[in-house]
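Subject: Structure for your files

Dear colleague,

Here is the structure I said I would pass on. My notes on it follow below.

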Amino acid sequence: MRRLWGILLALLLTSCGLANEPPIVVTAPLPTITPTPPPDVGRPSGRIDLARAAAIFGGEQGCAACHGVAGLGDGLTAGAFTCPMPRLADPTANRSKTILAWFAMTTNGNNGTRECLMPAWNGRLDEQARWEVTNYAYALQYKATMLQTGAAVWAQTCAACHGAGGKAASGKTMPDFSDAATLITLSDTALFRRITVGISGVEGHAFSDTLSEDQRWAVAAYTRSLAWDHVEVIGGGSAESLPLPAATEDVSLPPPTAAPTAPPFSDASLTVRGKITAGTAGAALSLGEGLPLQLEVITPTEQGFQAVTRLERKSDAAGAFSFPNVPRQGGYIYVVSAAYNGITQIGTPRPAPPSGDSLDLVLPLYDLTDDPAVVEIEIARLFIDFIGGDRALVEVALRYRTVGDRLYQSRERGADGRAITFRLPLPREATGVNLSADQAEQFTLVGGDSPAILSTTTLPMGVAATLQFQFLLETGAEVALDMPIPYRLAELGVNVPGEGRAAIRDPRFLAGTPIALNTGVYDRYDLREPISGGGTLSFVVIRGETNDQRPVLAIVITLMAFLLGGTAGIILLMNRRDQITESVDHSGQVAAALAALERLRATGRLSDEDYESRRAALEARDKS
């Protein structure tokens with residue numbers, strides 16, 4: 001049910017967007033930080049400059065034109081919208097969201113109609129500028145006094161372990177909160193929960209008895225701000241009003257306060273009505289005398305989603321339906337669904353209307369097909385690295401969806417008896433295959449002579465899914481990858497160690513612009529032509545003479561996958577578990593990486609400071 005609600009909200013955000021833009025803003029010139037931005041790398045490249053972000057956000061053709069200067073949804077063009085304008089400054093509406101999800105929306109837009117549109121900004125702002133503007137938009141829910149409280153709590157409670165500036169104190173293995181990429185996948189709600197109830201395996205990290213709720217929210221906000229410069233632009237504060245207290249400073253904290261009571265339930269109600277339609281062209285709906293329907297009323301909470309009520313009724317023979325006396329309250333989300341063709345098909349979720357006594361919903365129903373041609377891998381990204389001299393780590397992120405007007409189910413059945421809706425064969429030589437921990441509910445790893453990753457989840461129409469995984473290949477002078485592709489692959493980018501360490505010499509690939517990550521420089525190669533369904537992804541990476549055996553375990557595949565698209569990223573975020581445990585033994589990878597670190601320091605190619613920080617990161621990963 002949690003995954004269903006995540007998909008429901010993904011559809012809601014796809015239809016309404018985190019923001020919308022009328023024609024006047026769509027056609028107006030927008031600020032561009034760099035004329036030809038390089039390809040995105042999926043993470044901030046440096047600290048967040050909130051002053052620059054505020055200038056972009058509040059510019060004449062910037063975000064404030066729609067969202068308002070303070071993020072209240074009251075921009076000059078807000079009246080032209082047909083979708084509700086989100087209130088970025090409302091913490092109750094935004095605490096459970098992540099900067100990564102907002103970045104995906106900022107980058108890719110929401111594919112909405114012209115009257116209900118959030119445009120894509122990836123062609124107007126470079127990646128770092130988009131990260132900065134997204135962080136600034138997220139910060140609009142904070143107040144200067146909140147950050148001051150958070151700074152005081154941090155100095156007295158947190159700095160001893162995490163360091164005054166967010167870098168771990170000496171001898172401690174901790175996340176680096178001064179790195180702007182550290183918290184992009186965690187919402188404030190997730191941070192608050194970790195501060196409140198603690199972290200599994202970490203002693204003394206639960207502060208529900210010693211810090212008030214306001215203090216815990218404040219320290220969550222302050223933790224995020226440790227990666228920001230110019231915090232004086234937040235909430236009317238000033239640089240002088242937000243000092244960073246020393247860990248030993250004696251700061252008096254207000255006593256804990258009782259948890260606030262839940263808001264009273266509203267007695268207001270409305271009628272939810274609508275019509276079942278045929279989503280598949282030319283299909284005749286089989287409704288009999290009526291089709292059983294369910295109306296779900298859900299609401300976002302700090303813990304995810306909560307069911308308000310579930311109502312059941314039947315449509316009439318023509319597909320019309322009506323649910324009277326449905327509870328209405330701000331923040332409620334309504335969606336109607338029906339079991340049809342053996343699967344649950346859902347309509348587009350809609351939020352509670354601010355006025356009126358009715359809400360119209362539409363439920364399109366689709367026929368099924370077992371033709372794999374209706375599945376398309378829209379985009380795939382591969383990163384290849386060398387581990388320990390004789391192995392290559394291949395990290396893959398791809399996004400796929402159903403195209404056309406029929407839902408796909410193959411004739412093959414999974415172990416649970418359900419129809420397989422996605423199967424990706426893996427190279428026979430692959431070892432140490434590791435699925436992203438985010439996706440255990442949706443994907444299954446199958447071994448044996450025909451290793452593959454499969455899913456039995458039927459995607460709702462219009463929703464994309466993202467798959468993330470990694471594996472090892474034996475390597476000598478070359479790394480050969482041979483992988484069947486059962487569905488059309490529209491776009492492929494392969495990233496290999498740059499600066500002479502590796503290359504792809506294949507006329508089917510076009511060399512792109514190198515990208516720089518914290519793990520080094522990568523050369524990118526883009527496939528010139530799509531691969532048709534039933535084809536094979538086959539290429540060879542040639543290792544260069546220059547090879548420093550860089551100690552790379554992973555490039556954080558989660559970040560790369562969210563880069564691929566807004567809706568897919570949102571779905572994954574809704575299914576994300578805060579306490580992530582990784583499968584597949586990677587101790588060999590860690591040992592090889594540590595050995596490589598030692599060689600780099602011994603030969604003078606790695607400073608003592610970099611050595612200690614990288615070793616700490618590797619050891620932390622090994623323990624996780």
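This is a predicted model: local features need pLDDT of at least 70, side-chain atom pairs count only at pLDDT 80 or more; totals for chains, interfaces and linings use all residues.

Residues are numbered from 1 along each chain as its sequence is written, and side-chain values use heavy atoms, without hydrogens and water.

Helices α9 (residues 188-197) and α10 (residues 213-225) pack at about 120°, with axes 9 Å apart; they are therefore oblique to each other. Axes here are lines fitted to C-alpha atoms over the stretch in contact, with angles from 0 to 180 degrees between N-to-C directions. Helices are DSSP runs of H or I, at least four residues, numbered from the N terminus. In the contact (heavy atoms within 4.5 Å), D188, T189, L191, F192, I195 and T196 of α9 meet E213, R216, W217, V219, A220 and R224 of α10.

Helix α6 (residues 99-108) is mostly covered, with nine of its ten residues buried, that is, under 20% relative accessible area with a 1.4 Å probe, protein chains only. Among the buried residues are W102, F103 and M105. G109 follows α6 and has a positive phi, near 75°.

E132 lies in helix α7 (residues 127-139). Its relative accessibility is 4%, so E132 counts as buried. Leaving out residues up to four places away in sequence, E132 touches R47, I48, D49, R52 and A53.

Regards

Note on methods
Helices (H or I, at least four residues) and strands (E, at least two) are DSSP runs, numbered from the N terminus. Buried means under 20% relative accessible area, exposed over 50%, partly exposed in between (1.4 Å probe, protein chains only). Angles under 35 degrees count as roughly parallel, over 145 as roughly antiparallel, 65 to 115 as roughly perpendicular and the rest as oblique.
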